[in-house]
Amino acid sequence: MKGFIFDLDGVIVFTDKFHYQAWKQMCDRIGIYFDETINNRLRGVSRAESLEIILEKYEGTLTEVEKAKLMEEKNGIYRERLTTMTSADVSDEVRETLQTLRNQGFKLAIGSSSKNARFILEKVGLLDAFDEISDGNNITLSKPDPEVFLKAAEYMKVEPKNCIVVEDSHAGIYAAKAAGMIAVGIGDASSYDKSDYSLKSFGELLDIALKYK
Ligand code: G6P
Ligand code: MG
């Protein structure tokens, strides 16, 4: 049995702008500098670790309770933006490729650091497209740690070496290799030399699938 594990943000859906808007609104309120370059560093990184990166520019000190409140604030704004998502936010190419892979007998899972993964999948009508979901709610360590992918493999009952991970973040490619899996880079990670394959478009996954059938 072989399986595909998909990162969600930046691979299946594009939520970068919503993350950016939500962090930016929170940062503006408390007076911390935030821009797209910092936002790019948050790809694949958990909410808590993202906040730590953002606070590198912050001169004061915050308690754990204050940090939790800031994360809640950001997540509230982010979830509001997510409610605008519909099935139109997933391309036909992605939908059809997922269906074809399934028809070919591959198991499909999500491997995302996000605690909002199920919510997003529900909004875009893709909850049933995956056999398993491993996300920010079932892990203690975020990418580049391999935990989220190893859990996905365990849920699918597929050996790690038979899993193909599709990722847009460097942290995610690193995590896939640390898990002993095949790593496919797309988007931002398509030029990352640690990946085994790189995709220009999602549909090219079918060519990779042919090699592992
Ligand atoms: C994904 C995104 C990250 C985000 C993380 C946590 O990995 O690429 O930018 O920080 O999920 O998302 P969450 O929805 O739990 O705040
Ligand atoms: Mg991603």
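The model is predicted: local features need pLDDT of at least 70, side-chain atom pairs count only at pLDDT 80 or more, and totals for chains, interfaces and linings use all residues. Residues are numbered from 1 along each chain as its sequence is written, while chains are lettered from A and ligands numbered from 1 in the order in which they are written.

**Whole chain**

Start with the protein chain in cartoon view. Its secondary structure comes to 9 helices and 6 strands; helices (H or I, at least four residues) and strands (E, at least two) are DSSP runs, numbered from the N terminus. The radius of gyration is 17 Å, close to the 17 Å that the globule rule gives for 213 residues, so the chain is as compact as a globular protein of that length. That radius is taken over C-alpha atoms, and the globule rule is 2.2 Å times the number of residues to the power 0.38. Along its principal axes, the C-alpha trace spans about 55 × 35 × 30 Å.

Of the 213 residues, 42% are buried (20 or more other C-beta atoms within 10 Å of the residue's own, with C-beta atoms placed from the backbone).

**Strand β1**

Next, select residues 3–6, which form strand β1. G3 and I5 point one way and F4 and F6 the other way; all are buried. Strands count as paired if DSSP finds at least two bridges between them. F4 has L108 as its bridge partner in β2.

**Two domains**

Colour 3–14 + 90–211 as domain 1 and 16–82 as domain 2; such bounds come from an automatic or database domain assignment. Their C-alpha centres lie 25 Å apart. Where do the domains touch? In domain 1, 18 residues are in contact with 9 residues of domain 2 (contact: C-beta atoms, placed from the backbone, within 7 Å). On the domain 1 side, select α6 (117–123) and α8 (170–178), each of which supplies at least two residues. α6 gives the most, with 3 residues.

Methods:
A residue is buried if 20 or more other C-beta atoms lie within 10 Å of its own, exposed if 12 or fewer, and partly exposed in between; C-beta atoms are placed from the backbone. Two residues are in contact if their C-beta atoms, placed from the backbone, lie within 7 Å.
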